[in-house]
Amino acid sequence: MEQPRRPPEYILEVFADPTSIKDVVQGILHTIFFHRYFPSLRPSTIEVLDLTLPFVADPELQTLIDTRVYQLVRQLSSTTSPNSSVRGQIAVQFFEKRRRKAGGLGWFTGGTKTEEEICWEIWRLEVTLATPKTETERTKVSKAMEMTLQKTALKIVAIVNQNKDHIPPITTSEMNPFPYQINLNPRIEGWAKTIGMY
């Protein structure tokens with residue numbers, strides 16, 4: 001039996017303070033979806049920290065992004081850390097639907113065909129929430145936020161322009177041919193999961 005190919009995984013890092021974290025994370029998620037959401041879109045933009053980012057004006061997607069960002073912000077806000085910064089993660093996964101024959105006794109099950117979702121790309125957004133205590137720290141955090149947001153947006157553009165060969169062909173007439181998931185603090189795959197560290 002053929003082993004499934006591991007999907008490419010892209011890791012992005014963002015840095016924000018409590019007043020900007022919601023906008024920064026939403027801006028990055030919309031930038032990812034702008035480049036990987038294949039239904040026809042009317043181009044829209046949003047301003048985040050004086051940077052213009054693409055925006056996907058799809059109510060269902062907007063609701064999911066808003067919900068996950070709210071959950072992340074709530075989680076990070078409730079976590080305390082002595083060094084005044086805490087971390088969280090959001091993962092975006094894109095899937096393709098493939099038909100497969102039901103396993104086992106085909107004659108007994110009637111040889112029914114089912115669909116399975118195969119992940120073809122993962123984006124991990126590692127979010128650091130900084131809570132500056134002084135005016136000097138606030139200035140440093142503000143500059144760091146702007147710099148990491150711009151760097152992350154440019155990294156997304158570079159990745160999507162360079163890495164296209166793994167995107168499956170569109171084989172359906174559905175509005176969105178590739179289902180997606182947005183998960184908060186996803187489990188880590190690999191040896192750490194195997195030995196039960198996470």
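Analyst: Happy to! This is a predicted model, and the structure holds four salt bridges.

User: What makes Glu9 and Arg124 a salt bridge?

Analyst: Their closest N and O atoms are 2.3 Å apart.

User: Why is Glu9 called partly exposed, and why is Arg124 called buried?

Analyst: Glu9 has a relative accessible area of 30%. Arg124 comes out at 9%, and because buried means under 20%, Arg124 is buried.

User: How do you know that Glu121 and Arg36 form a salt bridge?

Analyst: The closest N and O atoms of Glu121 and Arg36 are 2.7 Å apart, which is within 4 Å and therefore counts. Here too the pair links distant parts of the chain, with Glu121 in strand S5 and Arg36 in helix H1 (residues 21–36), 85 residues apart. Both Glu121 and Arg36 are buried.

User: What makes H1 mostly covered?

Analyst: Twelve of the 16 residues of H1 are buried. Among them are Ile21, Leu29, Phe33 and Arg36.

User: Why do Glu135 and Arg138 qualify as a salt bridge?

Analyst: The N to O distance between their side chains is 3.4 Å; the limit is 4 Å, so the pair qualifies. Glu135 and Arg138 both lie in helix H4 (residues 135–162), three residues apart, about one turn of the helix.

User: Why do Glu135 and Arg138 get their accessibility labels?

Analyst: Glu135 has a relative accessible area of 54%, and since exposed means over 50%, Glu135 is therefore exposed. Arg138 is at 38% relative accessibility, which falls between 20% and 50%, so Arg138 is partly exposed.

User: How do you know that the span of H4 is close to the expected one?

Analyst: H4 has 28 residues and reaches 41 Å from its first C-alpha to its last, against 40 Å expected at 1.5 Å a residue. The buried residues of H4 include Val141, Met145, Leu149 and Ile156.

Technical notes. Residues are numbered from 1 along each chain as its sequence is written. This is a predicted model: local features need pLDDT of at least 70, side-chain atom pairs count only at pLDDT 80 or more; totals for chains, interfaces and linings use all residues. Side-chain values use heavy atoms; hydrogens and water are left out. Buried means under 20% relative accessible area, exposed over 50%, partly exposed in between (1.4 Å probe, protein chains only). Helices (H or I, at least four residues) and strands (E, at least two) are DSSP runs, numbered from the N terminus. The expected span of a helix is 1.5 Å times one less than its number of residues.
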